[in-house]
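Dear colleague,

Please find below the structure that I was asked to pass on to you. I would be grateful if you read the notes after it with the structure open beside you.

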Amino acid sequence: MRITRKIRDWWRSHIALDATTRMMFYKILAAQTRGGVRLLTICRMLKDKGKLDPAVKRLAQYGAEAAQAGRLASNGFAESGYLPAVDAGILRVAEQNGTLPDALAELTDAERQTRTFFSGVFRPAAFQLVPASVAIGMVAASPELLSEIVQDLAALEAMPLYQVATAMQTFGPTGLMLILLFTGFCWWGRSRLTKFRWLLTLFSRDWLDQVAIAYCRLGASMTRQGATHLQTLRAFADAYPSSYIQTMIPQAQRDVSDGRAYAASLADRLLPIDVAELLEALVPGEDRERYPSAFETLAAMQEAQLANHYAVRARALKFVFMATAAGFSSSCSTDCSTPHRPSRLKSAFSKPI
């Protein structure tokens with residue numbers, strides 16, 4: 001049953017209500033809430049509106065039913081499955097604290113959308129994957145072509161292209177399976193592994209940077225409303241349900257309750273050590289009034305660093321794709337164009353009459 005619901009929620013939040021339509025829904029909520037309209041009224045209006053996306057109307061119906069029952073409308077959004085768990089959690093915290101306009105402004109700000117490894121690294125280099133794939137496919141299929149051109153088996157086996165192609169056919173499926181397994185392990189472990197994160201190699205630090213950015217954004221909003229450290233930690237745990245965060249939050253809460261410094265409690269858990277040290281420097285003596293600007297500064301700094309890291313990796317991946325396409329294409333064209341097969345006409349005249 002749990003797996004069925006996860007599949008349903010994924011379908012609703014990625015297919016039925018895509019990112020563009022979801023952004024439109026957030027903008028409608030932002031415009032209405034800035035005017036002082038209650039979420040219950042907004043949801044009632046949207047669910048009865050004729051010319052509107054069916055998924056948006058269904059989402060609004062969930063919100064209206066929850067609000068009519070005396071619960072938070074954002075709880076209805078979360079139960080519907082039409083919103084990602086993170087977005088629903090952010091809206092729930094904002095609704096509880098009366099900061100919905102700020103949260104919706106953040107969700108609709110294109111410049112503050114969460115960067116991921118896929119969008120920051122793979123997508124910019126993806127157009128180079130097509131020629132690389134074509135070149136690899138040509139090399140993988142070359143043994144049959146070369147065997148027709150080259151009649152001498154010894155000469156055929158000595159050709160570098162034939163050796164590479166044979167190795168690809170022999171070890172390629174196994175290598176591809178290992179790559180897919182490693183990618184799946186990294187995708188699973190980024191938000192779950194608390195120990196041995198070095199196994200994730202390049203796929204660990206960028207996700208922790210994303211966690212730091214998210215916590216700094218939420219921390220800026222919460223501390224601006226006068227929230228305590230423990231309230232901010234509880235709100236973050238409520239908004240971000242990943243296993244890693246749910247494991248780290250109780251540890252940070254325990255340290256804060258025991259009187260440990262706030263920045264030290266977050267270090268190497270929700271914030272990288274260098275970012276936590278900078279937070280401690282920006283807020284000397286844990287002056288409450290400085291936390292909103294400090295968190296905003298840290299979030300902007302981490303966003304710039306993450307964008308730069310992704311840009312460097314995207315250029316490296318693009319170079320790998322280009323080098324692969326050029327290398328395989330040149331080797332294939334060179335070996336395939338070499339006249340290895342003897343002339344049929346010469347062979348015919350050399351036969352005895």
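This is a predicted model: local features need pLDDT of at least 70, side-chain atom pairs count only at pLDDT 80 or more; totals for chains, interfaces and linings use all residues.

Helices α2 and α3

Helix α2 spans residues 19–34 and helix α3 spans residues 39–47. Their axes come within 10 Å and cross at roughly 135 degrees, which means that α2 is oblique to α3. The crossing of the two helices is right-handed. On the α2 side, the residues that meet α3 are Phe 25, Ile 28, Leu 29, Gln 32 and Thr 33. Their partners in α3 are Leu 39, Ile 42, Met 45 and Leu 46. Sorted by class, this contact has 7 nonpolar and 2 polar residues, with no charged ones.

Ser 13

Ser 13 belongs to helix α1, residues 2–16. Its relative accessible area is 8%, and residues under 20% count as buried, so Ser 13 is buried. The side chain of Ser 13 is joined to that of His 14 by a polar contact of 3.1 Å. Leaving aside residues up to four places away in sequence, Ser 13 touches Arg 22, Gly 81, Tyr 82, Leu 83 and Pro 84.

Yours sincerely

Definitions and conventions
Residues are numbered from 1 along each chain as its sequence is written. Side-chain values use heavy atoms; hydrogens and water are left out. Axes are lines fitted to C-alpha atoms, for helices over the stretch in contact, and angles run from 0 to 180 degrees between N-to-C directions. Helices (H or I, at least four residues) and strands (E, at least two) are DSSP runs, numbered from the N terminus. Angles under 35 degrees count as roughly parallel, over 145 as roughly antiparallel, 65 to 115 as roughly perpendicular and the rest as oblique. A crossing is left-handed if the near helix is turned anticlockwise from the far one by less than a right angle, and right-handed if clockwise. Contact means heavy atoms within 4.5 Å. Ala, Val, Leu, Ile, Met, Phe, Trp, Tyr, Cys and Pro count as nonpolar, Asp, Glu, Lys and Arg as charged, and the others, Gly among them, as polar. Buried means under 20% relative accessible area, exposed over 50%, partly exposed in between (1.4 Å probe, protein chains only). A polar contact is a pair of N or O atoms within 3.5 Å; within protein, one must be able to donate a hydrogen and the other to accept it, and residues adjacent in sequence count only if both atoms are side-chain atoms.
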